[in-house]
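Here are my notes after a pass through the model. Have the coordinates open while you read.

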Amino acid sequence: ASDNLRQSLPLFLAFAVLSVVMDKVDVNLMLAQVWFGLRIAYLVGAAVNLYAIPMIRPLVWLPSVVVLVMMGLNLCVS
């Protein structure tokens with residue numbers, strides 16, 4: 001779970017900084033909070049060995065990727 005976080009954290013931080021620079025903080029701040037909550041849920045799931053159950057891991061991981069895509073798309077839209 002920590003390796004997965006280290007892979008997505010640079011992209012998240014880039015989107016967060018660009019949100020501030022491009023003055024898109026309103027929506028992206030909410031999306032950043034959702035992403036952070038999803039990542040916490042992912043880490044908790046790993047800590048309690050929830051991922052021994054098949055298909056639970058992608059169901060917890062995929063929404064965080066969707067939120068990152070939404071953050072990126074919000075930066076592209078004027």
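**Notes on the model**

1. The chain has three helices and zero strands, so labelled by DSSP runs (helices are H or I, at least four residues; strands are E, at least two; numbering starts from the N terminus). Along the sequence that reads as α-α-α. This is a predicted model, where local features need pLDDT of at least 70 and side-chain atom pairs count only at pLDDT 80 or more, while totals for chains, interfaces and linings use all residues. Residues are numbered from 1 along each chain as its sequence is written, and side-chain values use heavy atoms, with hydrogens and water left out.

2. Overall dimensions: the C-alpha trace spans about 45 × 20 × 15 Å along its principal axes. Of the 78 residues, 28% are buried (under 20% relative accessible area; exposed is over 50%, partly exposed in between, with a 1.4 Å probe and protein chains only). Take the contacts (heavy atoms within 4.5 Å) between residues at least 6 apart in sequence: 74% of them join residues at least 24 apart.

3. Now the packing of H2 and H3. Two packed helices are described by the angle between their axes and the distance between the axes. For H2 (residues 25–47) and H3 (residues 56–76), the axes come within 9 Å and cross at roughly 160°. The axes are lines fitted to C-alpha atoms, for helices over the stretch in contact, and angles run from 0 to 180 degrees between N-to-C directions. H2 and H3 are therefore roughly antiparallel (over 145 degrees; under 35 is roughly parallel, 65 to 115 roughly perpendicular, the rest oblique).

4. Who makes that contact? H2 contributes residues including Leu-31, Trp-35, Leu-38 and Tyr-42, and H3 supplies, among them, Val-60, Trp-61, Leu-68 and Met-71. The contact residues split into 16 nonpolar, three polar and two charged (Ala, Val, Leu, Ile, Met, Phe, Trp, Tyr, Cys and Pro are nonpolar; Asp, Glu, Lys and Arg are charged; the others, Gly among them, are polar).

5. On to the rings, paired if the centres of Phe, Tyr or Trp rings (the six-membered one for Trp) lie within 6.5 Å, with planes under 30 degrees apart called stacked, over 60 edge-to-face and the rest tilted. That rule gives two aromatic pairs. Phe-12 and Trp-35 are stacked, because their centres are 4.0 Å apart and their planes sit at 10°. Phe-12 is in H1 and Trp-35 in H2, so this pair ties together parts 23 residues apart in sequence. Both Phe-12 and Trp-35 are buried. The tilted pair is Tyr-42 with Tyr-51, at 5.3 Å centre to centre and 35° between the planes. Tyr-42 is buried at 1% relative accessible area, and Tyr-51 is buried at 18%.

6. Ser-8 belongs to H1 (residues 2–21) and counts as buried, at 13% relative accessibility. Leaving out residues up to four places away in sequence, Ser-8 touches Trp-35, Arg-39 and Leu-68.

7. Last, the backbone. Most residues other than glycine have a negative phi. Asn-49, not a glycine, has a positive phi of about 60°, and Met-55 has a positive phi near 70°. Asn-49 lies in the loop between H2 and H3, and Met-55 is found in the loop between H2 and H3 as well. Are these residues buried or exposed? Asn-49 counts as exposed at 55% relative accessibility, and Met-55 is exposed with a relative accessible area of 58%.
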